[in-house]
Amino acid sequence: TADELVTSDDPLHPANLIPELCDLLAGTGGGITIRVGDKVYITPSGAQKERILLSHIFVLPFPSPGGDRVFLRRPSLNLKGSACTLLFWNAFYLRGAGSCIHTHSKNAVMVTLLTPGNMFRISHWMIKGVRIAGMKGALSYLDTLEVPIIENTPNEEDFKDSMAEAMNRYPDSAAVLVRRHGIYVWGSDWEKAKTQTECLDYLFEIAIKMKGLGLPLVLEESE
């Protein structure tokens with residue numbers, strides 16, 4: 001049955017992991033997905049994330065979704081499919097990701113407001129928790145971390161194309177910031193997506209404080 005897709009004694013099964021990972025989210029905002037083979041597990045939209053149960057999780061086939069969305073499993077409760085779905089698919093298709101996390105982090109939102117233009121940059125920090133393209137080798141202390149910023153839209157799925165454009169234009173980016181909205185972070189698996197989400201949020205918090213003190217986020221070689 002469809003419910004068997006979210007029923008497992010394995011603590012590392014996506015249906016068991018996702019409710020734990022929802023600690024990264026707040027209220028009804030954000031979303032989490034984990035892809036395993038030809039199945040994608042996704043949190044519902046508009047639900048209280050700290051109260052998510054495995055029975056609330058949607059399961060979709062991969063590849064897909066197309067215009068007419070097919071679900072391998074829908075919750076029995078009247079829950080909405082994630083508004084992040086097409087954005088998550090950007091991470092799957094364009095990076096080969098195994099997991100993607102979307103948060104409405106205050107730190108992420110603030111750096112989009114404090115950063116002119118379409119690129120957040122910071123250097124000379126311990127950024128080895130962030131990987132090149134989110135999937136490859138780790139960045140080093142001497143690297144400059146770059147995260148593209150796109151503009152928000154009234155509906156989440158409407159910035160699918162601009163997110164994809166930013167990912168293609170900056171193939172080494174491990175995430176995409178959405179101005180006045182939040183961030184999408186991906187990784188080869190849930191652990192790397194989680195780690196990078198946490199590392200980026202830490203760096204954003206540091207950047208906000210540095211900006212407040214008038215400190216440069218990027219040091220030039222001469223400095």
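The legends below accompany several close-up views of one predicted model.

Residues are numbered from 1 along each chain as its sequence is written, and side-chain values use heavy atoms, with hydrogens and water left out. Because the model is predicted, local features need pLDDT of at least 70 and side-chain atom pairs count only at pLDDT 80 or more, while totals for chains, interfaces and linings use all residues.

View 1. H181 sits in the loop between β7 (175-178) and β8 (182-187); strands here are DSSP runs of E with at least two residues, helices are runs of H or I with at least four, and both are numbered from the N terminus. With a relative accessibility of 12%, H181 counts as buried, a word that stands for under 20% relative accessible area, whereas exposed stands for over 50% and partly exposed for what lies in between (1.4 Å probe, protein chains only). The side chain of H181 makes a polar contact of 3.0 Å with that of N152; such a contact is a pair of N or O atoms within 3.5 Å, where within protein one atom must be able to donate a hydrogen and the other to accept it, and where residues adjacent in sequence count only if both atoms are side-chain atoms. Apart from neighbours within four places in sequence, H181 is in contact (heavy atoms within 4.5 Å) with H102, T103, H104, V109, N152, E156 and F159.

**View 2. Salt bridges, with D3 and R73 as one example.** The whole structure holds nine salt bridges, each defined as a side-chain nitrogen of Lys or Arg within 4 Å of a carboxyl oxygen of Asp or Glu. In one of them D3 pairs with R73, and their closest N and O atoms are 3.0 Å apart. Because D3 belongs to the segment before α1 (14-21) and R73 to the loop between β3 (58-61) and α2 (85-95), this pair ties together parts that are 70 residues apart in sequence. D3 is partly exposed at 45% relative accessibility, whereas R73 is buried, with a relative accessible area of 4%. A further salt bridge joins K160 and D161 at 3.7 Å, N to O; here K160 is partly exposed at 28% and D161 is exposed at 57%.

**View 3. Strand β6 and its neighbours.** Five of the seven residues of strand β6 (residues 144-150) are buried, so this strand is largely enclosed by the rest of the structure. Strand β5 (residues 119-123) runs antiparallel to β6 and is joined to it by five bridges, with F120 opposite V147 of β6; strands are taken to pair if DSSP finds at least two bridges between them. β6 and β7 run parallel and are joined by two bridges, and I149 stands opposite L177 in β7.

**View 4. Strand β1 between its two partners.** Strand β1 (residues 31-36) is joined by four bridges to strand β4 (residues 99-103), and the two run antiparallel; T33 stands opposite C100 in β4. β1 also pairs in the antiparallel sense with strand β2 (residues 39-42) over four bridges, where the bridge partner of I34 is Y41. The hairpin of β1 and β2 has two residues between the strands, and in it G37 takes a positive phi near 60°.

View 5. The buried residues of α3 are N107, A108, V109, V111 and T112, and their cover includes β5, β6, β7, β8 and α5 (190-212). L114 lies in this helix, which spans residues 106-114, and is partly exposed at 32% relative accessibility.

View 6. Most residues other than glycine have a negative phi, and most peptide bonds are trans. F62 and P63 are joined by a cis peptide bond with omega about 0°, and P63 is found in the loop between β3 and α2. H124, although not a glycine, has a positive phi of about 60°; this residue lies in the loop between β5 and β6 and is partly exposed at 25%. R180, in the loop between β7 and β8, likewise has a positive phi of about 60° without being a glycine, and R180 is exposed, with a relative accessible area of 63%.
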